[in-house]
Amino acid sequence: MAVRLQREPFDLGAEVARLTEGRSDTGAVVTFSGLCRDRADSGARLVSLTLEHYPGMAEEELSRIEAEARSRWPIVDALVLHRYGRILPGEPIVLVVTLSPHRAAAFEAAQFLMDYLKTSAPFWKSEETDEGEAWVASKSTDDAAADRWRS
Amino acid sequence: MKLVYFAWVRERIGRAEEETEAPDDVATVGDLVGWLRKRGPEYESAFATGAVVRAAIDRRHVKPDAAIAGAREIAFFPPMTGG
């Protein structure tokens, strides 16, 4: 189980290969990667995203979310990788990988990790467009997505 | 204690962190926000009514009624938009 923060882009294939190498207890691997779109929420053309984070708390909060996923599903390994700094359209922002004996747990745990990460991991996006820079507003749909795991 | 600010809360206040000592009657995170708002227009702007600001004590999310006694680091920031 691991969480990782880095400035550089990541290679999804290499991360999955590292997690599955030498394992024979894993029947399912689910990956989710979030990419940077070329449009801002306003519809303007996006030049770049800048991800600000709370060093220390970001790692700790991701670890808490991952521990919660482990307590709910029989996952044998997981990775949560989040970038910070300047990110260009088309580049990856976040990666979640879950490994489990069967697919249902891997799918559900990956969705849970993303839904919780969105609303509780201390990261903030600022969008740079032709019209200037603006902080991205949080979305009520993200809160609703996280809330459904609380029932 | 140390106060740290992120994203537009940091921009409105004009600094990323500061050391401060609040009066004894400032017992909770909500009290602290009320006390900070009286320190100047930059704090008033950051914590204005209607602006949703979240808080963490020693790197854990807390609600406005959380006690601040013993806190080493209190963070204020907007709702999160990572992922």
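Modeller: Bear in mind that this is a predicted model. The contact takes 27 residues from chain A and 19 residues from chain B.

Biologist: How much area is buried between chain B and chain A?

Modeller: About 1,900 Å², and carbon and sulfur atoms give 54% of that.

Biologist: Which residues in chain B lose the most area to chain A?

Modeller: Those are Arg59(B), Thr81(B) and Gly83(B), and together they make up 37% of what the chain B side buries.

Biologist: How many salt bridges does the rule find across the interface?

Modeller: Two between chain B and chain A. Arg59(B) turns up again here: its side chain meets that of Glu60(A) in a salt bridge, at 2.8 Å from N to O.

Biologist: Which elements of chain B supply the side that touches chain A?

Modeller: α1 (7-13), β4 (60-62) and β5 (73-77) of chain B each supply at least two residues. The largest share, four residues, comes from α1(B). By class, that side of chain B has ten nonpolar, five charged and four polar residues.

Biologist: Changing topic: where does Pro55(A) lie?

Modeller: Pro55(A) is in the loop between β3 and α2 of chain A. Leaving aside neighbours within four places in sequence, Pro55(A) is in contact with Phe6(B) and with Arg59(B).

Biologist: Now the inside. Which residues have the most contacts in the largest nonpolar core?

Modeller: That core has 33 residues, and the ones with the most contacts inside it include Leu49(A), Leu62(A), Trp73(A) and Phe112(A). Among the elements of chain A that each supply at least two residues are β3 (46-53), α2 (57-72) and α3 (103-120). The largest share, nine residues, comes from α3(A).

Biologist: What does Trp73(A) touch, not counting residues up to four places away in sequence?

Modeller: Trp73(A) touches Ala105(A), Glu108(A), Ala109(A), Phe112(A) and Trp149(A).

Biologist: What about the second, separate core: how many residues are in it?

Modeller: It has 21 residues, including Val9(B), Ala55(B), Ile68(B) and Ala71(B).

How values were computed
Residues numbered from 1 in each chain as written. Chains lettered and ligands numbered in written order. Predicted model: local features only at pLDDT ≥ 70, side-chain atom pairs only at ≥ 80, totals over all residues. Heavy atoms only, no water. Core = buried A, V, L, I, M, F, W, Y, C linked by side-chain atoms within 4.5 Å. Buried < 20%, exposed > 50% of the residue type's maximum accessible area, 1.4 Å probe, protein only. Contact = heavy atoms within 4.5 Å. Buried area = accessible area lost by both parts, 1.4 Å probe. Salt bridge = Lys/Arg side-chain N within 4 Å of Asp/Glu carboxyl O. Nonpolar A, V, L, I, M, F, W, Y, C, P; charged D, E, K, R; others polar.
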